[in-house]
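The questions below work through a model with its sequence and coordinates to hand.

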Amino acid sequence: MTARTLNTVLLIASLVAIVLACLLGSTDMGIVRVLGAFLGAAAPGDSIVVLDIRLPRALAAYAVGAALGASGAALQGLLRNPLAEPGVLGVSATAALFATFALYYGLSVAGAFVVPLAAMAGALAATALLAAAAMRIRSIVTLILLGVGLSSFAAAVMSLLLNLAPNPFTLSDMINWALGSVANRSLADLVLAVPFIVAGLAVLYATRHGLSVLTLGEEAAAGAGLDLGRQRVAVVLGAGIATGAAVGLAGAIGFVGIVAPHVVRPLVSHDPARSLLPSALLAGIILVFADVVVRVLPTTNELKLGVVAALIGAPAFAWIAVRRRAVHD
Amino acid sequence: MTELVARDVRVAAGGKVLVDAANASLRGGELVAVLGPNGAGKTTLTRVLAGILEPDSGSVMLDGEAVAALPAAARARRLAYLPQNRPLAWPNPVRDVVALGRYAHGGTLGRLGDADRRAVDAAIAACDLAGFEDRSCDTLSGGELARVHLARALAAEAPLLLADEPMVALDPRQRFRMAGHLRSFVDDGGGALVVLHDIALAARIADRLLVMNDGRVVADGMPRAILTERLVADVYGVRARLVERAGHVDVHIESAL
């Protein structure tokens, strides 16, 4: 299968997934009423359910998945490690921390955009720090360790904030958000986040051939003509922007950035460049379906998307780690 | 003809001088073997020559231009570099790994241009890898993998090649095959500088030897002109017997000193 065929298949599957997500839900509507809503020929109630609730939610899940999938694939190419993901560099954790700060200090009353904006600010702060470090640090292992440290520190401060939460409502807000969900996302939320996601993905896409040549190892890649410093900064920035916007839209959702590239890689001859786009598409599809599962499961409290993603993703992560077969370490 | 010249190169790291006052050169049509015991500075000097490592002082000029000042891709088109560590991150097919050598020419995997494809085919043929194109690299033997890496470096079609221990951990037959591939690259006008541990092989295949010890270049010249039992003893600490035969120097290492 060529990369082009794979991308076409995944693109069609993406459309199918989003349409299905509009069809399925706690209210059984049927295809005629859903299509009616799309064509503007439905009852106002139907139109609200489909266009204002289900569609934005499906699109949000898709955008978040695409951002995390591409970021994961790019970071795995850069770090030459199939277990890397946006979380490894501490970008997700820092984004989550900043958003939690906004909730803790009640800044969210100032407007719906405050929490997402805070998340993006956090991601950009983390990426700026990493970008500055990346220019000085030669070893990618050191860069990972810096990310792990950043991640642990952000998690610690976040626990502290949860510990000190002023009232149960704030606590519940913070937990809801930290678990990750695309419930109640509006088109306005999308309009804020999607341009950043697109920008981040565009930066990553521009680095794809550098990711391919990094297969040879950093020394040989540099010898083959890759500007290592620029490559690192570009990937870290692209992944940071896309991840920050994704965390801002949906909170912390893990593992999809590991699982999707892992599935895609064997289909594109293990080429990091050719796995970038299909990883984004597949991760989007996975999150749309995961969110459908969340919505149709007959539980009293709706499950959080981040929880479901982790329940599927964490065992997959362990499985990939155990089966990992590197040509060289 | 392309010429790489290093003058008075000095590299220090962590308070230790790795390379000191080193002069080296490489031009098209010659096969230079760099010899020396472990820690002599061979790898450091090779990295400096390749423009990967900037020396603390001294200069490395490629046809009169400072190597370090060249943009990475422009440098890579004129100077191929095969490092000592060759870790492959993913189990890619052989053809794709070789095609990565076209990176500096803008060649991209899965969508190679005509010139890129010709260069990749030629490199695969030159390294006896025909029939291996679709094999995954994690299924290859050490000798096959070494040839894949050499083919990757040759695919860049750079006039000069720097290879750091390309024959390490290869059996005698594979070593001579690699030597043959390097020889044909040089006979076609290329210049190759190769770090070797095998003194006898180096004496047999190289046009010129560059012998290093303690960060310094202690001898530089044709094998017959510079190789003496005294030099081998001083540099390697081994007793060797040298026999000149049919225009070659045969080196027999007999014992440690």
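In what follows, a residue is called buried when its relative accessible area is under 20%, exposed when it is over 50%, and partly exposed in between. The model is a predicted one.

Q: Which residues of H6(B) are buried, and on how wide an arc around the axis do they lie?
A: In H6(B), the buried residues are Gln174(B), Met178(B), Ala179(B), His181(B), Leu182(B), Phe185(B) and Val186(B). They sit on the same side of H6(B), because the arc that they cover around the axis is only 160 degrees.

Q: Which exposed residues does H6(B) carry on the face turned away from its buried side?
A: The buried side of H6(B) is covered by elements of chain B that include strand E3 (31–35), helix H4 (114–126), helix H5 (142–155), strand E7 (160–164), strand E8 (191–195) and helix H7 (199–205). On the face turned away from that side, the exposed residues are Pro172(B), Arg173(B) and Asp187(B).

Q: What distance separates the end C-alpha atoms of helix H6 of chain B?
A: Helix H6 of chain B runs over residues 172–187, and its 16 residues should span 22 Å at 1.5 Å a residue. Just after H6(B) comes Gly189(B), with a positive phi of about 105 degrees. The expected span agrees with the distance between the end C-alpha atoms of the helix, which is 22 Å.

Q: How many residues of H11(A) are buried?
A: Helix H11 of chain A, residues 228–250, reaches 32 Å from its first C-alpha to its last, which is close to the 33 Å expected for its 23 residues. The helix is followed by Gly251(A), which has a positive phi near 80 degrees. H11(A) is largely enclosed by the rest of the structure, because the number of its 23 residues that are buried is 19.

Q: How many helices and strands does chain A have?
A: Read along the sequence, chain A follows the pattern α-α-α-α-α-α-α-α-α-α-α-α-α-α. The count for chain A is therefore 14 helices and 0 strands.

Q: What is the radius of gyration of chain A?
A: The C-alpha atoms of chain A fill a box of roughly 65 × 50 × 35 Å along the principal axes, and 53% of its 329 residues count as buried. Among contacts in chain A between residues at least 6 apart in sequence, 77% join residues at least 24 apart. A compact globule of 329 residues would have a radius of gyration near 20 Å, and this agrees with the value for chain A, 20 Å.

Q: Is Ser279(A) buried or exposed?
A: Ser279(A) is found in helix H13 of chain A, residues 272–296. Leaving aside its neighbours within four places in sequence, Ser279(A) is in contact with Gly69(A), Ala73(A), Ala260(A), Pro261(A) and Val264(A). Its relative accessible area is 0%, so Ser279(A) is buried.

Q: How far apart in space are Leu4(B) and Met61(B), C-alpha to C-alpha?
A: Leu4(B) lies in strand E1 (residues 3–13) of chain B and counts as buried at 1% relative accessibility. Beyond its neighbours within four places in sequence, Leu4(B) has contacts that include Val60(B), Met61(B) and Leu62(B). Although Leu4(B) and Met61(B) are 57 residues apart in sequence, their C-alpha atoms are separated in space by 5.7 Å.

Q: What phi does Ala21(B) have, although it is not a glycine?
A: Most residues other than glycine have a negative phi. Ala21(B) lies in strand E2 (residues 16–27) of chain B and is partly exposed, with a relative accessible area of 37%. Although Ala21(B) is not a glycine, its phi is positive, at about 45 degrees.

Q: Where in chain B is Glu157(B) placed?
A: Glu157(B) is not a glycine, yet its phi is positive, at about 55 degrees. Its place in chain B is in the loop between H5 and E7.

Methods:
Residues numbered from 1 in each chain as written. Chains lettered and ligands numbered in written order. Predicted model: local features only at pLDDT ≥ 70, side-chain atom pairs only at ≥ 80, totals over all residues. Heavy atoms only, no water. Helix = DSSP H or I, 4+ residues; strand = E, 2+ residues; numbered from the N terminus. Expected span 1.5 Å × (residues − 1). Buried < 20%, exposed > 50% of the residue type's maximum accessible area, 1.4 Å probe, protein only. Arc of directions from axis to C-beta. Contact = heavy atoms within 4.5 Å. Rg over C-alpha atoms; globule rule 2.2 N^0.38 Å.
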